[in-house]
Each structure stands twice: as structure tokens, then as C-alpha cells.
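Subject: Structure handover

Hello,

Here is the structure I promised you. Please open it first, then read my notes below.

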Amino acid sequence: MNFKEALNNISTFIFDLDGVISDDKFYFFDEKPIKSFNLKDGYALQLALKKGYRICIISGSHSEAMKNRLEILGISHLFFHQHDKLQCYTDFVSTEKISDEEIVYMGDDLPDYEVMKRVAVPACPNDAAYEIRSICKYVSPKNGGEGCVRDIIEQVMRCQGTWEIGGW
């Protein structure tokens, strides 16, 4: 099955946080580390939720500010401090009763590798690690934190005719 055909079966998006939703930089505000969040990614995430897609975040790190932002968008499947992402993934798909063939997983580095080998559409930002890029069905032209999340969400929704303004 080619990339575009696989998009027709997608019901669930799973994203890593650092290097995908946020870039790989830390900024400091009042001596507290903060991360940036692309507004177009935010728009696509909330739209996908409104259209009935599942959104899940599996991250090895934790940012209270990022957690708050994701909750404001309506994302409830938030898994932080996950050092065994494959186990977290397995638990999530079992609980939600979904199959690998329904999932896009966008990751950028080695902790995402094992999960990405299982899903229908492994995807990554343009600046992902070589090993991740080598197993992806789709490499976004956008870097992490710079619109790669919207890119893959929009592609799925356009293929399925659920994007705001028609399909392709």
C-alpha cells in the first residue's frame, strides 16, 4: 500500500513532543524553561479532534506549559515521562481498541523507532534523525516545531475529505 492509500485508513495521530510539536530549543522566561508551539499545528490539532480523530502525545519529557496548551486544544491522551514508548503505545492501542493500520506516528529520534516500525504511517519532521527518516513513509518538508504536525494532519484530512475546504 502506498503512502496516500494508507492515509485513507487513519483514525489516530500520535506525536512525540520535543522535536516534533516543539522545536529542539529551550527558551527561558523568569528563569523557567519554555518551549515554542507552532500556531498552525495547534489549529490542525484542534480541527482533527473536532472531526473525530484521536490525538495522542507520547513523550519522554514533561513541560507543564506544553501540557496546559495541549489540554486547552482538547487533547486528553497525554503521556509524559515515557521512557518505554512501545509499552505506552501498546497500552494505548489496547485501551482504545484500535489497530496499527489506523495510526500515523510522527517522531524524530531513536526513542520513537520501535513504535514507528509498527504503525501504518510512520512520519517525521525534515530534521529527524537519520535512523528515523530511513523507516518513514513520509518525511515532512517542515522541521520539528515549524508546521510538520499540521502538514501530516492536513494530508490525512484532505485524503479523507474532512479538511475544512475539500480534498486534494
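Two strands pair if DSSP finds at least two bridges between them. Keep that in mind for what follows. One caution: this is a predicted model.

Start with β7 (121–124). Two bridges join β7 to β8, residues 138–139, and these strands run parallel. C124 has V139 as its bridge partner in β8. Between the two strands the chain passes through helix α6, residues 130–135. This β-α-β crossover is right-handed.

β7 also pairs with β6, again in the parallel sense, over three bridges. There, V104 is the bridge partner of V121.

Now the side chains of β7. In a regular strand they alternate between the two faces of the sheet. Here V121 and A123 point one way, and P122 and C124 point the other way. All four are buried.

Next, the nonpolar cores. The largest has 36 residues. F13, F15, I21, L45, I57, L70 and I153 touch the most other members. Several elements each supply at least two residues, among them β1 (12–15), α2 (39–50), β4 (54–58) and β7. α7 gives the most, with six residues.

Which residues is L70 in contact with, leaving aside its neighbours within four places in sequence? They are L17, I21, F37, I57, I75, L78 and F80.

There is also a second, separate core of 18 residues. Its members include I14, C88, Y89 and C136.

Best wishes

Note on methods
Residues numbered from 1 in each chain as written. Predicted model: local features only at pLDDT ≥ 70, side-chain atom pairs only at ≥ 80, totals over all residues. Heavy atoms only, no water. Core = buried A, V, L, I, M, F, W, Y, C linked by side-chain atoms within 4.5 Å. Buried < 20%, exposed > 50% of the residue type's maximum accessible area, 1.4 Å probe, protein only. Contact = heavy atoms within 4.5 Å. Right-handed = clockwise from strand over helix to strand, strands pointing away.
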